[in-house]
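Work through the exercises below with the sequence and the coordinates at hand. Each task is followed by a stepwise solution.

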Amino acid sequence: MPSNDININSNILKVDNNQGLVLGWGIVCKVDGEDYVDLQGDHITELAMLNAAVDFMKNSRIAKDMHVAGDAGVLPGSIVFAFPLTTEIAKAFEISVTQTGLMIGMKPESDEILNKFKSGEYTGFSIGGSILPGGSREI
């Protein structure tokens with residue numbers, strides 16, 4: 001029986017040394033107009049991403065070290081920026097895009113973690129979550 005846990009991996013686009021920010025896609029929904037499905041077979045719809053982003057930014061904004069579960073993985077830092085870019089939002093802002101999803105800016109307060117992004121040891125964000133009862137792998 002498949003797990004109800006999901007793990008979305010996405011790429012880092014920029015490390016801003018002046019601000020100590022790591023910028024990239026937290027969630028990818030579409031690429032070139034087609035649904036993006038990750039290596040685990042998960043797809044997050046634009047609506048599900050938007051709903052999750054609202055909840056996450058209101059209630060959590062916690063950053064964790066990649067693949068470290070529980071309190072041991074909580075970083076001294078947080079997600080300080082999040083911009084949901086759906087097809088409709090891009091159109092409203094007259095932005096031409098090849099990818100939609102959640103763009104985020106993470107500010108690790110730990111030099112050790114920031115240096116892992118700078119060095120290329122960490123190349124992306126790993127977003128974890130769970131599928132609610134009655135849900136599907138296409139969220």
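**Exercise 1: a side chain and a backbone nitrogen**

A polar atom in the side chain of serine 110 lies 3.3 Å from the backbone nitrogen of isoleucine 113. The model is predicted, so local features need pLDDT of at least 70 and side-chain atom pairs pLDDT 80 or more, while totals for chains, interfaces and linings use all residues. Residues are numbered from 1 along each chain as its sequence is written, and side-chain values use heavy atoms, leaving out hydrogens and water.

Task: Where is serine 110 found, and is serine 110 buried or exposed?

Solution.
1. Serine 110 sits in the loop between E6 and helix H3 (111-119); helices (H or I, at least four residues) and strands (E, at least two) are DSSP runs numbered from the N terminus.
2. Its relative accessibility is 16%, so serine 110 counts as buried (under 20% relative accessible area; exposed is over 50%, partly exposed in between; 1.4 Å probe, protein chains only).

**Exercise 2: aromatic pairs**

Task: How many aromatic pairs does the rule give? Rings of Phe, Tyr and Trp (its six-membered ring) pair if their centres lie within 6.5 Å; planes under 30 degrees apart are stacked, over 60 edge-to-face, the rest tilted.

Solution.
1. The count is 2 aromatic pairs.
2. Phenylalanine 83 and phenylalanine 93 are edge-to-face, at 6.1 Å centre to centre with 80 degrees between the planes.
3. Phenylalanine 83 lies in strand E5 (residues 74-85) and phenylalanine 93 in the loop between helix H2 (87-92) and strand E6 (99-108), so the pair ties together parts 10 residues apart in sequence.
4. Phenylalanine 83 is partly exposed at 32% relative accessible area, and phenylalanine 93 is exposed at 55%.
5. Phenylalanine 117 and tyrosine 122 are edge-to-face, at 5.3 Å and 75 degrees; both residues are buried.

How values were computed:
A polar contact is a pair of N or O atoms within 3.5 Å; within protein, one must be able to donate a hydrogen and the other to accept it, and residues adjacent in sequence count only if both atoms are side-chain atoms.
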